[in-house]
Amino acid sequence: MTTTTTRFPIDLGAYKPLTLDPANKTLTAEQKETLRANIQLCRDAIIFFTATGAARGVGGHTGGPYDTVPEVMILHSLFQSAPDQFVPIFFDEAGHRVATQYLIATLNGDLPAEQLAHYREANSHLPGHPELGLTPGVKFSSGRLGHMWPYVNGVAMANPGKTVFCLGSDGSQQEGNDAEAARLAVAQHLNVKLIIDDNDVTIAGHPSKYLPGFTVAKTLAGHGLKVLEGDGEDLDDLYARVIEAVTTPGPIAVVNKRPMSVGIEGLEGSTHGHDVISVKLAIAYLEKRGLTAAVDFLKAIETPKNPYKFIGAGDKWDSNRNVFGDAVNAVLDGMSEADRKANVVVIDSDLEGSCGLKKIHDAHPEVFIPSGIMERGNISAAAGFGMEKGKQGIFATFAAFLEMCISEITMARLNYSNLLCHFSHSGIDDMADNTCHFGINNFFADNGLDDGYETRLYFPADAGQMKAVVASVFNDPGLRFIFSTRSKTPNILDADAKDLYGEGYTFVSGKDEVVREGTAGYIVSFGDGLYRALDAVHRLKQEGIDVGLINKPTLNVVDEATITKIGATPFVLVVEAFNRKTGLGSRFGTWLLERGLTPKYAHLGTHKEGSGGLWEQYPHQGIDPDGIIAKVKELVG
């Protein structure tokens, strides 16, 4: 763990422990004054230490943890008063509100305050979602949005007679998991209390606009929960509703209305408040609060840069996840508006800015549907649109969420749908959210039988190849999954230092590509692993080890000519950011053996929980150039 002796610039020692007896239904003037002081102190701290993530370029959500401080402070005080009455864990199904967990760990004495200033930094053990066993004082792993309430139901079953809280949001409540959890909680009369921040803001917009008709309170009431709705910033009202929930048996939802990033000038009510506060706005906030030491601390932070200089690739770095949108637009531009409207639909799951769909939304709103955080329903809707020959459903989200969609993918296959999916944030690169957001089980999408409807998995290596892949496969029938990373990737160069995927390149589905020839053996890679493997190949050649490199952009099809070529050399090494247990490497050795090919074989991939940070994830897994070079030398002997 990264440690520091630098003093935390906000005095958390000013926090005043407070016990609130649930038998008392109202706050005294003194209790309210203490609560207000604690709330302000904690909000100041959250603004500061999440802004250190902005300053270092690792991000980190500010608005959610900042907004929910009042209810968290009330629960913290209740836990101090009657610990045997509660399961004293701040379960939160909006896992990106991890700043709450780190702050509570500090207030409880489990985590040094100084450590907070390393929020989301590599090897700091403070990733973007809470991970049980990684961070001192953190008592649960949240996983992904909307996954916690069903789990909390089980915690309540295991703790009869105790109250269990689950912090939620209007975003997390859009997930289908919560509808199932609600029905079970009501049916079993579980003593689960939901504390929901209902601010009408998610990443890409306002639920009241893109899901008109949906309300958290009415939905939960329809499931049979008692709902206590009110102003989250009115301490008397908030406290009274929390106490009513605690003293009333059974599942109850305390729904708190407030604007996102309430009271933060330049951010209140904005979708930008969902993510990390900018350094500029944080400084303005802290200066207004007179917290000059915190301001000076932020101003002194330098954004770390990867010092490694890659060779073999060019200096044109681009974001494939956004290039996907450009590539789709290039196809749509060639169609009439009538044809686009009749034959194409693009369905977003509140991540349009992260998956390249915003570019489609801006250029072709006639085919775009902004939807909620409902991956299963949205991918099925896109598949249903593409059921008819000639029609195309397009869907995109983060690769980590592909795991939620396996059953829907099967249904799309059984119904012979034409479905084009873009799963961004694949692999591990630039993933400060850490382990729960790793997109490493992407081969799960290819879950059909050998004689089933065609499924193709594609992972382009750079922007040029992304454009070529989309242009080539857009009108293909079947299920097509295109993967991209969160990080930018450089342009891949050929042996003459020209763009390998530049002018004149045409992508051929199922064909592996020789990036560099070699006699000592071959590395097989794809996506963002390719430029790292290319660097390793160049450095190995400089040492006299003549290693070749294969790009495998079509992941799940054996190219017979290429596998025969490389299988006849001394070794084959697969390098990928996917899960070692489920990725390309887990099957490539079998493909070799099935064909009677017996080179030395090894595969490198993601095999342990993350380290946080950005590019640091690659060396942490041993799949950076140094790790690749070491493995090649081991194979060469």
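A: Asp200 is partly exposed, with a relative accessible area of 27%, where buried means under 20%, exposed over 50% and partly exposed in between, for a 1.4 Å probe and protein chains only. The model is predicted, so local features need pLDDT of at least 70 and side-chain atom pairs count only at pLDDT 80 or more, while totals for chains, interfaces and linings use all residues. Residues are numbered from 1 along each chain as its sequence is written, and side-chain values use heavy atoms, leaving out hydrogens and water.

Asp200 lies in the loop between β3 (192–198) and α7 (207–210), helices being DSSP runs of H or I with at least four residues and strands runs of E with at least two, numbered from the N terminus. Although Asp200 is not a glycine, its phi is positive, at about 60 degrees. His125, in the loop between α4 (98–107) and α5 (148–158), also has a positive phi, near 65 degrees, and is partly exposed at 28%.

In α17 (residues 406–414), the buried residues are Glu408, Ile409, Ala412 and Arg413. They cover an arc of only 145 degrees around the axis, which puts them on the same side of α17, the arc being that of the directions from the axis to the C-beta atoms. The partners against which these buried residues pack are α16 (375–385) and the strands β10 (419–424), β11 (455–458) and β12 (479–483), contact meaning heavy atoms within 4.5 Å.

The axes of α16 and α17 are 9 Å apart and meet at an angle of about 10 degrees, with axes fitted to C-alpha atoms over the stretch in contact and angles running from 0 to 180 degrees between N-to-C directions. That makes α16 roughly parallel to α17, as angles under 35 degrees count as roughly parallel, over 145 as roughly antiparallel, 65 to 115 as roughly perpendicular and the rest as oblique. On the α16 side the contact involves Arg376, Ile379, Ser380 and Ala383, and on the α17 side Glu408, Ile409 and Ala412.
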